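Take a moment with the model before reading on.

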Amino acid sequence: MLNKIFYLTVLTLTGLFFLFLNGNIQLSKEPLPPLGKFLNPFNGIWTSDTRSEKGNHTINLQGIKDHVEIYYDDRHVPHIFASNLEDALFAQGYVEAQNRLFQMEFLSRAAAGELSSMFGSKTLAIDLERRRRGMKYAAENAVKGWEKHSEFKVLNSFVDGINAYISSLSPKDYPIEFKLFDIKPEPWTVLKSALIFKQMSLTLAGRSDDIQNTNLLYYLGKADFDMLYPERQTIENPVVPTEHPFAFDSLYGKHQDTSAIYKHPILRTNIPRREKGVGSNSWGLAGKKTHSGKPIFCNDPHLSLGLPSIWIEEHIQTPDFNVYGVSFPGFPGIMIGFNEYMAWGETNVGQDVEDLFVINWADQQRSKYIMDGTTYPVDNRIEIIKVKGEKDYIDTVRYTRLGPIYYLSGDGTNDLAMRWICHDEPDIPEFNTFIQAMQSKNATMYLDAVKDFISPAQNFGFADNSGNIGLRVNGRLPAKYDQDGRFIENASEKNNWQGWIPINQNPQYVNPERNFIASANQVSADKTYPYYFTGRFERYRNKTINEKLEAIDDATMDAMKQMQNDNYSSKADDFVQMLKTLVSVEALDSHHLDLYKSLINWDFQYLAQSELPTIFEIFYDHLEANTWDEIQKLKDVADIKNPEDWRLLELILTDENNKYFDIISTPKKETAKDIVILSLKEALDEFSKQKNENKDMRWGAYKPLDIYHMTRLPALSEMNVHANGCSDAINATGISFGPSWRMIISLEDKVEGLGVYPGGQSGNPTSKYYKNMLDAWVKGEYYHLQIHTKKEEFIKSATMSLQLTPRS
């Protein structure tokens with residue numbers, strides 16, 4: 001039905017406007033797309049390449065050594081059969097371009113700060129942020145490092161495959177978005193693949209709380225800051241539990257004294273912060289805990305959801321390996337997946353690898369700075385931003401020995417340089433990580449394959465069919481000690497990173513005594529680990545996961561499906577138990593009682609059709625606002641953050657008369673109990689009022705999931721999806737994020753796999769494969785992953801095939 005509506009709309013527009021709209025008509029500041037070209041029946045929307053949808057095609061290409069066969073199944077998953085690794089990666093690049101070319105172009109331009117060349121000045125602020133962050137500089141350094149290694153040739157094979165597809169296109173074949181925005185595909189380069197890799201690094205390792213912590217320390221004082229913002233939780237379930245004490249022969253890095261910390265506030269910056277909920281779940285069960293007696297491995301990364309999906313599902317087979325899983329379009333290898341011997345996946349570590357330093361300028365022009373008594377000139381990088389329909393915007397980004405000047409204050413007194421690990425030129429072939437990993441046949445091979453991964457640091461979990469399970473905090477981490485990097489620091493070489501944690505000292509374990517591994521973005525190691533961990537770490541999902549895995553002893557794939565789709569919130573449970581302790585029915589008005597009784601008898605499942613999650617969330621919002629009124633006032637002048645939810649609950653239960661429970665605008669001195677009852681009454685009144693106004697207060701309608709097309713065009717997006725889950729449940733969904741790929745692998749003698757993601761394989765909005773898996777994802781259903789299907793069977797059942805032959 002959607003396709004019919006789309007084409008009828010296009011047909012109507014064609015008849016009305018084709019003769020008139022044949023160029024960029026400018027009715028406002030922003031240029032309109034050339035609709036005449038877009039709707040042209042000869043080379044407009046009607047003629048976009050459909051070879052990736054149907055038919056059997058033989059294509060002669062330069063760049064491959066031997067014949068490659070590609071068969072698409074009924075979900076449009078490409079099954080690639082090649083005789084060698086280079087041809088396999090060439091074919092991977094080809095099918096990714098065939099299905100996701102505009103997405104790849106968009107992501108590379110977004111990372112480089114080049115969106116305004118497509119969309120005009122409306123994206124200029126985004127481009128400026130990426131330029132000042134040094135995203136393209138980081139990608140250029142990555143390529144410099146990568147090309148020094150012999151393995152670089154396999155990356156070139158992947159790039160050659162992308163370009164083989166691009167060069168086969170004429171303007172009439174361009175994907176729809178290229179025509180809509182009147183642009184054409186550019187030749188693909190290794191730099192573009194590096195930009196896509198750095199974009200994911202930005203998502204997972206491109207944020208810090210340095211500014212917020214510095215401001216809070218200044219305004220609250222050390223005693224209150226330490227009380228409200230403790231570094232470690234009182235109850236923790238670290239990724240790597242301490243079954244044996246950490247014992248290292250030597251430690252690296254240097255301790256830093258408190259003189260390094262900058263002791264002044266940084267006023268409002270509008271620097272973006274990472275959305276809560278961005279993270280992942282992963283766990284593996286040893287055979288002692290499964291029905292089959294063989295390991296089961298599960299992974300579901302929680303990332304911003306989009307159309308097309310951030311993942312593309314692929315199956316690649318050569319005489320040397322047979323692998324199935326998902327990849328980032330535009331970067332080679334299988335990031336999360338399995339082969340006939342093992343399965344692997346990742347969750348985000350969350351360790352802070354981005355520090356900010358205040359620069360001491362030597363002149364008003366900000367052309368020189370003083371560090372450790374020496375004056376240094378800045379390196380000016382001229383950034384020319386192409387703006388569609390307008391003249392170029394020129395910006396100068398100053399680079400220091402610590403990194404680019406990311407934030408410029410008005411008078412230069414608080415200008416901040418960024419030290420970010422992603423800027424460093426890699427000295428090891430990290431681009432080869434997932435190419436090597438997908439060929440691994442056991443735990444030892446896998447750990448060796450992924451040792452060169454640098455950033456974003458991930459918990460690399462795995463299981464093999466020999467019975468091994470394990471996990472390593474994988475990535476290059478600065479060797480830091482107490483408080484180093486938690487606050488803005490004065491620019492100095494002695495305050496810079498002084499060493500790296502060796503990979504063998506990263507938290508890790510194989511075949512733990514508890515017979516399971518698990519990570520859900522909680523802190524990596526317990527307090528006995530000698531190096532300093534600072535960042536944002538999860539509290540509730542990991543607790544729920546660990547409790548379930550401790551209890552299970554006969555796990556099946558069906559049980560794992562139920563677990564990945566579990567909507568229980570430990571946070572809601574904890575806070576409602578507190579309500580039962582502090583709130584008596586006598587404290588509430590009579591019209592509140594029915595709702596309150598329903599709330600305290602709730603099973604804490606965040607179901608789309610239930611109103612109880614909505615009541616709780618409204619209550620929690622009021623509880624935060626009433627408790628942290630002093631901190632909320634600071635937000636008017638500076639970037640800050642509220643204390644964590646678990647810390648709020650601890651204070652309610654253990655420090656009822658804490659001064660922060662007193663509302664500063666009232667003459668009464670409130671206690672924690674007063675705040676809780678007030679917040680509950682306000683929440684029940686607000687819920688009832690909205691309900692009486694006929695607003696749908698069921699959870700799915702109250703906080704719907706919006707899955708945007710990357711351009712944010714509503715017509716190409718899937719809005720108002722009523723989904724189960726919340727950020728604190730295993731099924732961690734939010735306004736625009738959620739499990740971006742659910743995968744369950746049973747490592748039996750014949751490995752079995754299940755998977756699903758919220759979208760479809762095609763990037764074409766008019767394709768039936770654009771979002772055909774979304775409904776199954778919402779319902780918690782899975783697809784069988786066809787790793788064992790023989791080529792001969794695909795020949796009979798394929799919806800489309802490609803025969804790539806080498807051109808002589």
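## A nonpolar patch

Which residues make a nonpolar surface patch of about 360 Å²? Tyr218, Tyr219, Leu267 and Val637 do. A patch joins residues with over 30% relative accessible area and no salt bridge, like charges within 9 Å and nonpolar side chains (Val, Leu, Ile, Met, Phe, Trp, Tyr) within 5 Å. Leu267 sits in the loop between helix H11 (222-228) and strand S4 (279-285). At 46% relative accessible area, Leu267 is partly exposed (buried is under 20%, exposed over 50%, partly exposed in between, with a 1.4 Å probe and protein chains only).

## How to read the model

This is a predicted model, where local features need pLDDT of at least 70, side-chain atom pairs count only at pLDDT 80 or more, and totals for chains, interfaces and linings use all residues. Residues are numbered from 1 along each chain as its sequence is written, and side-chain values use heavy atoms, leaving out hydrogens and water.

## Salt bridges

The count is 40 salt bridges, each a side-chain nitrogen of Lys or Arg within 4 Å of a carboxyl oxygen of Asp or Glu. Lys192 pairs with Glu186, their closest N and O atoms 3.3 Å apart. Lys192 is buried at 8%, whereas Glu186 is partly exposed at 33%.

## Cysteines

There are zero disulfides (pairs of cysteine sulfur atoms within 2.5 Å). For Cys298, the nearest cysteine sulfur, that of Cys726, is 20 Å away. Cys298 is buried at 0% relative accessibility, and Cys726 is buried at 4%.

Technical notes. Accessible areas come from the Shrake-Rupley method with a 1.4 Å probe; for residues, only the protein chains shown count as cover. Helices (H or I, at least four residues) and strands (E, at least two) are DSSP runs, numbered from the N terminus.
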